[in-house]
Amino acid sequence: MRKWNYKMNYGKRCNRLIGQVLMAAGLTFIPSLYSAPVVWGAGMEGGGMSLPNININIGGNGETGGTAVTVQILFLLTILSLAPAIIIMVTSFTRIAVVLSLLRQALGTQQIPPNQVLISLSLFLTFFIMAPVWNKVNSEALQPLMTNQITQTIAFERAVIPIREFMVKQVREKDLSLFIDMARISEPKNMSEVPTYVIIPAFMISELKTAFQIGFLLYIPFLVLDMVVASVLMSMGMLMLPPIVISLPFKIMLFVLVDGWYLVVGSIVKSFG
């Protein structure tokens, strides 16, 4: 027993000694590595290597307008960070995403299709529906701005017009009146006098109501099928068998037989006509 303990202690002492030697060697050679000269490219064969210095400066270079350029860059970065929210607020994405989510709930397929598939489908359908608007913005605002025919202010004003027209076609008068009253602005004579910050929230709640209306219509056939399956199971005395287990294959089969994706996607796109 003593010999075994002696061997264990001897092994621990050896491991500790080896660790101390390696630590001392590291402390000896690491400073020399950090003090090596900066050599890149042709000087690599000399054995020295370190990272280059990179300096990023945002500001004026002594010329007039440097501060304005800096503000424009920061403004552009802010717009890019808010791009997802802008796409959701002023496009057809909200209605499409909500309808597809309600459809999945009506089918009872849990996470099938996955969220990534539904969001991707919603995005591409949004691009398809908003293509005429984007083309108009590109031809009337972006291209003239890129060729220096108009200023940034005029380009922004032109770009907002097609988007406002799209939202005005989908917004409900009741929702628009609600936000006009809450904004405490005078009653506009026409839609051109309504501020954009009033149209956007009215458009969003209008889209939500429309999406829920479409979702309710999608729920009805699947709800009827669930009730039929539950009644049949109850009449057969299978009270312990969950109806969803039996109704799910029938709902999927019904959805496939009627070509459900064709009907749903077609109805969503035509609802923006």
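Where does R184 lie?

**View 1. R184 sits in a loop.** R184 is in the loop between α7 (173-183) and α8. This is a predicted model, so local features need pLDDT of at least 70 and side-chain atom pairs count only at pLDDT 80 or more, while totals for chains, interfaces and linings use all residues. Residues are numbered from 1 along each chain as its sequence is written, and side-chain values use heavy atoms, with hydrogens and water left out. Here R184 has a positive phi of about 55°, although it isn't a glycine. R184 is exposed, with a relative accessible area of 78%. (For burial, buried is under 20% relative accessible area, exposed is over 50%, and partly exposed is in between, using a 1.4 Å probe and protein chains only.)

**View 2. D259 is another non-glycine residue with a positive phi.** Phi of D259 is near 55°. D259 sits in the loop between α9 (243-257) and α10 (260-270). At 43% relative accessibility, D259 counts as partly exposed.

View 3. The protein chain has 10 helices and zero strands. Of the 273 residues in the chain, 27% count as buried. Take the contacts between residues at least 6 apart in sequence, and 63% of them join residues at least 24 apart. (Contact means heavy atoms within 4.5 Å.)

**View 4. Helix α5 falls short of a straight helix.** With 32 residues, α5 would reach 46 Å if straight at 1.5 Å a residue, but its end C-alpha atoms are only 37 Å apart. (The expected span is 1.5 Å times one less than the number of residues.) Look for a kink of about 60° at M130, shortly before the proline P132. The bend at a residue is the angle between axes fitted to the seven residues ending there and the seven starting there. The buried residues of α5 include L118, S122, L125, T126, I129 and M130. What do the buried residues of α5 pack against? Their partners are α3, α4 (93-107), α6 and α10. Past the end of α5 comes N148, whose phi is positive, near 60°.

**View 5. Helix α8 has the span its length predicts.** Its 40 residues (196-235) should span 58 Å at 1.5 Å a residue, and its end C-alpha atoms are 58 Å apart, which agrees. There is still a kink of about 30° at I220, shortly before the proline P221. Just after α8, G237 takes a positive phi of about 80°.

**View 6. T91 is a buried loop residue.** T91 is found in the loop between α3 and α4, and its relative accessible area is 1%. Leaving aside neighbours within four places in sequence, T91 is in contact with T126, M130, W134, F166 and F203.

View 7. A97 is in helix α4 and counts as buried at 15% relative accessibility. A97 and I119 are 22 residues apart in sequence, and their C-alpha atoms are 6.7 Å apart. A141 belongs to helix α5 and is buried, with a relative accessible area of 4%. Neighbours within four places set aside, the contacts of A141 are K136, I150, A155, R158 and A159.

View 8. (On a 1 Å grid over the protein atoms alone, a pocket is an open set of points where a 1.4 Å probe fits, with protein on both sides within 12 Å along at least five of seven lines; lining residues have an atom within 4 Å of a point. Points are joined across faces, edges and corners, and the volume is the space filled by probe spheres set on them.) The lining has 28 residues, of which F75, I79, I86, F156 and A159 lie nearest the centre. α2 (66-81), α3 (83-90), α5 (115-146), α6 (152-170) and α8 each supply at least two lining residues. The largest share, eight residues, comes from α6. By type, the lining is 23 nonpolar, four polar and one charged. (Nonpolar covers Ala, Val, Leu, Ile, Met, Phe, Trp, Tyr, Cys and Pro; charged covers Asp, Glu, Lys and Arg; the others, Gly among them, are polar.)

Note on methods. Helices (H or I, at least four residues) and strands (E, at least two) are DSSP runs, numbered from the N terminus.
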